[in-house]
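Okay, thanks for coming, everyone.

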Amino acid sequence: MICGDHFPLRLEETVWWQWLCHARLTPEREAIIHWEAGEAPFRWRWGDLISTAEKFAQGLFINGVRPGEVCALIIRHHRNFYPVYMGVCALGALPAVLAYPNTRLHPEKFRAGLEGMSHSSGLDWVLTERELEPVVRPLVTQSGSTIHGLQFPLEWSAEILASGASQLAADRRFPTTCLLQHSSGTTGLQKAVALSHRAVLEHVRRYGKSISINPEDKIVSWLPFYHDMGLIAAFYLALTHGVPLVQLDAFEW
């Protein structure tokens, strides 16, 4: 694999390829600065971020997740959210970020939305936190659900994360689809939209060109990643162009 110039952007490649280029060219450059109130910021550098994402990809693989399957993520503002999400991409699976239960999300809307998506969005797995299991499991294991099970990647040990490397290397492949993004569900059931790698890369290329993005820039965002602007215009725009993303918690903000 050959990376081009300092910030290569090749529409024929995958988003994961773009991220790998940054890690190989600038492993010590800051990729994500994770902020939590009252704590020093946690700084992910490209080399560590990608190597940790690869470990989560291995953990997902040995726990049954396969390339092309859809992984819904219901994980709060957490420093390891990023490598977990990127690990889904590294495996060749499709990430779909769903809203974490919060005071602004009515419990009935959360219940109805998750039940509906488990039947109609083609979700295969839910990646979440153990404390949400009593709420989430009954909603996604009913008759008609497409979901195979729940995964708790924030709990995985170093041994689990390292144990699937050789088998993953042999079985990894990348579909043309990059991710699933859901509509807000304001007027009905949340609908899943499949976005290809090429569509995402073309969008961030045009977006970056329109704002004259350059290596000295930073992107600061408080938007959650289930929001399309938070995911595409902050997370994907920053990481694809290789500029640091400063990510705040929406509710702390």
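**A quick tour of the chain**

So, let's start with contacts across the sequence: if you take those in the chain between residues at least 6 apart in sequence, 70% of them join residues at least 24 apart. Keep in mind that this is a predicted model.

What's the chain built from? You've got nine helices and 10 strands. There are 253 residues, and 52% of them are buried.

Now for the inside. The largest nonpolar core has 53 residues, and the ones with the most contacts within it are Trp19, Tyr85, Met86, Phe235 and Tyr236. Helix H3 gives this core its largest share, nine residues. There's also a second, separate core of 22 residues, with Leu105, Leu123, Leu139 and Leu150 among them.

Let's zoom in on Met86.

How do H2 and H3 pack? H2, residues 46-62, and H3, residues 81-91, sit at an angle of about 65 degrees, their axes 7 Å apart. It's a right-handed crossing. On the H2 side, the contact includes Trp46, Leu49, Phe56 and Phe61, while H3 brings in Tyr82, Pro83, Met86 and Gly87, among others. Sort the residues of that contact by type and you get 15 nonpolar, two polar and one charged.

Key:
Residues numbered from 1 in each chain as written. Predicted model: local features only at pLDDT ≥ 70, side-chain atom pairs only at ≥ 80, totals over all residues. Heavy atoms only, no water. Axes fitted to C-alpha atoms, helices over the stretch in contact; angles between N-to-C directions. Helix = DSSP H or I, 4+ residues; strand = E, 2+ residues; numbered from the N terminus. Left-handed = near helix turned anticlockwise from the far one by under 90°. Contact = heavy atoms within 4.5 Å. Nonpolar A, V, L, I, M, F, W, Y, C, P; charged D, E, K, R; others polar. Buried < 20%, exposed > 50% of the residue type's maximum accessible area, 1.4 Å probe, protein only. Core = buried A, V, L, I, M, F, W, Y, C linked by side-chain atoms within 4.5 Å.
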